[in-house]
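Dear colleague,

Please find the structure below, together with its sequence. My notes on its packing follow.

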Amino acid sequence: MPELPDVEIERRHAERWVVGRAIQHVHVPEPEILEDTSPAALGRRLHGRRVTGSRRHGKYLFLETDGAPWLLLHFGMTGHLERVGKDAQAPEYTDFTLVLDDDSAVAYVAPRKLGRVGVIDDPDAYVAAQGLGPDVLRLDREGFADLAEGRRGGTKCWLMDQAAMAGLGNVYTDEILFRARLHPKTPVAALDADGRRRLFEAVSEVLRISIEAGADPARMPDDCLLPHREPGAACPRCGGDIQQLKACGRTAYFCPECQPRPDGQ
C-alpha cells in the first residue's frame, strides 16, 4: 500500500498538474472506487471549481477547491496520478479522470482498484472520523515521545498503527527500525530516552531520504535496507544475512546482527 512518501510525491504531482486549474469535467469509468457519492453527484460538486491547494494527512490526499468542496484521494495498493495530454488516451486501469480548463487531464490509475475517491467538506472532520492519529511527518521529538507513553506491543506494530500516527506502513518501518538499530519486536515500553530519540531521528531521516528518492526504494542510498530487502541479501551495514519474520500479520525484514532480538522476545 502506498505510504506517506508515495502520497507526498502524488501531492507534489497534483501541485504541478492540478492546483490553479479549473475542473471542466470528471469521468468515472469505475464507480466502485467512489466513497459516499455517485459520478453525477461528484461531477455536480466539482464542475467549474478551481483547485486552490493540496494537503496530505498520512496516506490521504485532499485537494481544495474554491467554494468549499475538497476532493479526497486514497491510493489503495497501487494507485497513482498520471498526467494526460490534450487528445491523448487515458492510461490503462484509469478509474477516475479530472479534465482541466487547459484541456489536459489528470488520471487516477489503480490496477487493483482498492483506492477511494470522494468529495468532502472538511478534511479535519474526515481525519477524525477515520480515527487517524497525527501525521507522522509533522511530529516533533516531544510529541513522538509522548505517543510512546503507556504504549504496549512491539515497535513495528506501533509505527504502523494509523490511529497512533498516520503515514507509515510495512516497507518504510523496516528501514526506520534498521536505521535505529531496533528489532521489529522491541516493545515500545522497553525504549528508553535514547531509544526513542534514535527512533524519532530515524523516522525523520527515512522520510526525507525516501521523498528525495521519489518514493522509489531502488533509488535510495546503498547503505539503506530497502534496496536489499529480501531474505538472504547482504546487510548493507555488516554484511550479514537479512532475515524475515511476521509482525502484525506482515512480513518484516531486518538484520539480526544489527537489530538484535530484545531479551525475552
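Helices (H or I, at least four residues) and strands (E, at least two) are DSSP runs, numbered from the N terminus. This is a predicted model, in which local features need pLDDT of at least 70 and side-chain atom pairs count only at pLDDT 80 or more, while totals for chains, interfaces and linings use all residues. Residues are numbered from 1 along each chain as its sequence is written, and side-chain values use heavy atoms, with hydrogens and water left out.

Helix H2 (residues 39–46) is followed by Gly48, whose phi is positive, near 80°. The buried residues of H2 (buried: under 20% relative accessible area, 1.4 Å probe, protein chains only) are Ala41, Leu42, Gly43 and Leu46. They pack (contact: heavy atoms within 4.5 Å) against strands E1 (23–27), E3 (60–65), E4 (70–74), E6 (94–100) and E8 (116–120).

A nonpolar core is a set of buried Ala, Val, Leu, Ile, Met, Phe, Trp, Tyr and Cys residues joined through side-chain atoms within 4.5 Å. The largest such core has 31 residues, and Val136, Phe144, Trp158, Leu159, Met165, Ile176 and Leu199 have the most contacts inside it. Helices H1 (4–17), H4 (141–148), H5 (155–160), H6 (170–180) and H7 (193–212) each supply at least two residues of this core; its largest share, eight residues, comes from H7. A second, separate core of 26 residues includes Ala14, Val18, Val117 and Val119.

Leaving aside neighbours within four places in sequence, Val136 is in contact with Leu4, Met165, Ala166, Gly167, Leu168, Val203 and Leu207.

Yours sincerely

Note on methods. Buried means under 20% relative accessible area, exposed over 50%, partly exposed in between (1.4 Å probe, protein chains only).
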